[in-house]
Amino acid sequence: MATLFTKIINGEIPGDIVYQDDYVVAFRDITPVAPTHVLIVPRAEIPGLATLPDEGDHLHILNAAKKIAELEGLTDGYRLVINQGEDAGQTVPHLHAHLIGGRKLSWPPG
Ligand code: AMP
């Protein structure tokens, strides 16, 4: 069965898409934690970091993040986060990176 994010990628569920290429689709998080909060999702349905194949769409996440940060005007910095599994609070079992910016970000994360 298609994941929630695949349904957004395929247009079956609405999503505020800000960037897409042959490998990834990026859309705004429905519950943003910062002025910019974009999810970068590989088109391939990889459940998460723990099951990452050696090759594939996910290799393009970093380059997409750089491009989206430029599109969003995040000249003062930003953060890229991937939650893996229960302890990290992963809720959607389709690999995705959170691109967060537009405000000062504290460290360490909770
Ligand atoms: P994670 O907790 O790392 O698995 O992140 C999942 C993210 O997906 C959360 O930040 C949610 O707010 C976000 N999310 C859930 N449903 C949607 C949706 N329909 N459109 C956009 N973002 C969503």
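**Note on the predicted chain**

1. The chain contains three helices and five strands, where helices (H or I, at least four residues) and strands (E, at least two) are DSSP runs numbered from the N terminus. Their order along the sequence is α-β-β-β-α-β-α-β.

2. This is a predicted model, in which local features need pLDDT of at least 70 and side-chain atom pairs count only at pLDDT 80 or more, while totals for chains, interfaces and linings use all residues. Residues are numbered from 1 along each chain as its sequence is written, and side-chain values use heavy atoms, with hydrogens and water left out.

3. On overall dimensions, the radius of gyration of the chain is 13 Å, which agrees with the value near 13 Å for a compact globule of 110 residues. The radius is taken over C-alpha atoms, and the globule rule is 2.2 Å times the number of residues to the power 0.38. The C-alpha trace spans about 40 × 30 × 25 Å along its principal axes.

4. Of the 110 residues, 35% count as buried (buried means under 20% relative accessible area, exposed over 50%, partly exposed in between, with a 1.4 Å probe and protein chains only). Among contacts (heavy atoms within 4.5 Å) with a separation of 6 or more, 55% come from residues 24 or more positions apart.

5. The chain exposes about 6700 Å², and carbon and sulfur atoms supply 54% of this area. The 8 positive and 14 negative charges have mean positions 8 Å apart; Lys and Arg count as positive and Asp and Glu as negative, without His and the chain ends.

6. Strand β2 (residues 24-28) has four of its five residues buried, so it is largely enclosed by the rest of the structure. On one side of the pairing list, β2 is joined to strand β1 (residues 17-20) by three bridges, and the two run antiparallel; strands pair if DSSP finds at least two bridges between them. Tyr19 has Ala26 of β2 as its bridge partner, and three residues lie between β1 and β2 in their hairpin.

7. Strand β2 is also joined to strand β3 (residues 36-42), by five bridges in an antiparallel arrangement. Here Val24 is partnered by Pro42 of β3.

8. Pro93 lies in the loop between α3 (85-88) and β5 (97-101). Pro93 is exposed, with a relative accessible area of 55%. Leaving aside residues up to four places away in sequence, Pro93 touches Thr3, Ile46 and Pro47. The C-alpha atoms of Pro93 and Ile82, which are 11 residues apart along the chain, are separated by 12 Å.

Conventions:
Areas by Shrake-Rupley, 256 points an atom, 1.4 Å probe, with all protein chains shown as cover. Charge placed at Lys NZ, Arg CZ, Asp CG, Glu CD.
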